[in-house]
Amino acid sequence: MGFRMGIVGLPNVGKSTLFNALTKTAAAQAANFPFCTIEPNVGEVAVPDRRLDTLAQIAGSKQIIPTRITFVDIAGLVKGASKGEGLGNQFLANIREVDAIAHVLRCFEDGDITHVEGRVDPIADAEVIETELMIADMESIERRLANIARKLKGGDKEAVAQERLLKQALAALEEGRPARSLTIADDDRKAWDMLQLLTAKPVLYVCNVAEDEAAQGNALSSKVEEMARAQGAGHVVISARIEEEISQLDAEEAAMFLSEMGLEEAGLDRLIRAGYDLLGLQTYFTVGPKEARAWTITKGTLAPQAAGVIHGDFEKGFIRSETIAYDDYVAGRGEAGAREAGKLRVEGKTYEVKDGDVLHFLFNG
């Protein structure tokens with residue numbers, strides 16, 4: 001499993017340019033007018049992870065299969081989207097289907113690119129979209145409360161739990177707080193996720209800056225960083241123009257170009273890492289002569305459930321996992337060396353998989 005990240009933003013903030021660069025396609029038409037993205041564009045990219053290449057080299061794997069992230073470019077929202085303004089309703093529906101929202105904010109001045117509100121103010125832009133999502137959530141909650149009224153009268157337990165959560169969310173929204181600001185008990189988590197509230201989605205603010213500000217950011221991106229910290233949201237500084245240029249280069253040229261710009265890595269790497277942190281995701285590996293493969297799981301996942309990501313039968317018939325930490329696998333130059341050094345561990349059903357673990361599952365099947 002990878003994850004789906006929806007890219008949202010007001011028109012002309014560099015959203016489609018960034019999407020094109022990230023997916024190395026020109027599928028999203030980047031143009032200097034609102035609503036140039038008529039359908040949500042979907043692109044899959046491999047998640048860069050140098051550890052996977054190292055493991056494959058040690059094991060002599062014929063094939064390398066990274067985990068993947070799906071980006072969904074959602075057309076520019078405008079004020080009034082929750083009321084159907086612009087192309088509102090369609091895109092609100094698209095946001096419901098993603099795991100997290102990458103909110104692209106314009107943090108650059110450019111007289112040639114018009115701003116839909118006639119000014120450059122990323123904090124105000126963030127508030128415009130947040131407000132639209134909050135209004136849409138409030139309307140959705142009110143409809144749902146009306147729909148479950150009959151079940152409540154009959155004492156339906158699910159409906160009672162749903163009403164409690166809906167009213168909690170509504171109270172927060174009426175105070176001007178997004179649904180993600182609420183602390184949800186573990187017992188309620190499944191029911192809460194099923195509500196699919198737009199403002200419950202984790203948010204990653206993507207500050208789109210000018211090329212010469214990509215390394216250090218600027219005063220506008222600093223304001224966004226403060227806002228993100230206050231909200232417990234993620235934040236990353238990227239130049240969509242730089243990412244666009246990198247997407248046209250081979251690996252060696254890209255590395256040279258990044259070095260010239262004072263950057264250690266591409267924005268894609270930083271964006272994906274920030275997305276993983278935001279969603280509490282991590283990676284484990286399966287390695288052999290046929291293939292070296294990365295798998296995405298949530299932090300805290302137990303070994304049987306981690307096995308289930310490969311195949312449901314692995315989880316059902318789980319017996320144990322042979323586990324080697326990444327550093328131990330590299331130090332031992334492979335499974336045999338790690339085993340000889342006493343670094344291969346046999347773990348059972350209660351083992352919590354760690355980031356970078358190299359796993360081999362044994363199961364009844």
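Guide: Let's start with a word we'll need: a residue is buried when its relative accessible area is under 20%. Keep that in mind as we look around this predicted model.

Visitor: What makes strand E4 largely enclosed by the rest of the structure?

Guide: Strand E4 covers residues 68-73, and five of those six residues are buried. Each of the five therefore falls under the 20% cut-off, so the strand counts as largely enclosed by the rest of the structure.

Visitor: How much of the chain is buried?

Guide: Of its 365 residues, 49% are buried. The chain still exposes about 17,900 Å², and 48% of that area comes from carbon and sulfur atoms.

Visitor: Back to E4. How do you know that E1 pairs with E4, and in which sense do they run?

Guide: Two strands pair if there are at least two bridges between them. Strand E1, residues 3-8, is joined to E4 by five bridges, so the pairing holds, and the two run parallel.

Visitor: Let's move to the largest pocket. Which residues lie nearest its centre?

Guide: Those are Val 47, Pro 48, Asp 49, Leu 268 and Asp 269, out of 39 lining residues. Several elements give two or more residues to this lining, including strand E2 (41-46), helix H2 (50-59) and helix H11 (267-279). The largest share, six residues, comes from H11. The volume of this pocket is about 1,000 Å³.

Visitor: What classes of residue make up the lining of the largest pocket?

Guide: There are 20 nonpolar, four polar and 15 charged residues in it. Asp counts as charged, so Asp 49 and Asp 269, by the centre, belong to the charged class.

Visitor: What about the second largest pocket: how much space lies in it?

Guide: About 770 Å³. It is lined by 22 residues, and those closest to its centre are Asp 99, Arg 189, Asp 193, Pro 202 and Leu 279. Helix H7, residues 189-194, supplies the largest share with three residues. The lining as a whole splits into twelve nonpolar, three polar and seven charged residues.

Note on methods. Residues are numbered from 1 along each chain as its sequence is written. This is a predicted model: local features need pLDDT of at least 70, side-chain atom pairs count only at pLDDT 80 or more; totals for chains, interfaces and linings use all residues. Side-chain values use heavy atoms; hydrogens and water are left out. On a 1 Å grid over the protein atoms alone, a cavity is a set of points where a 1.4 Å probe fits but cannot get out, and a pocket is an open set with protein on both sides within 12 Å along at least five of seven lines; lining residues have an atom within 4 Å of a point. Grid points are joined across faces, edges and corners, and a volume is the space filled by probe spheres set on the points. Helices (H or I, at least four residues) and strands (E, at least two) are DSSP runs, numbered from the N terminus. Buried means under 20% relative accessible area, exposed over 50%, partly exposed in between (1.4 Å probe, protein chains only). Accessible areas come from the Shrake-Rupley method with a 1.4 Å probe; for residues, only the protein chains shown count as cover.
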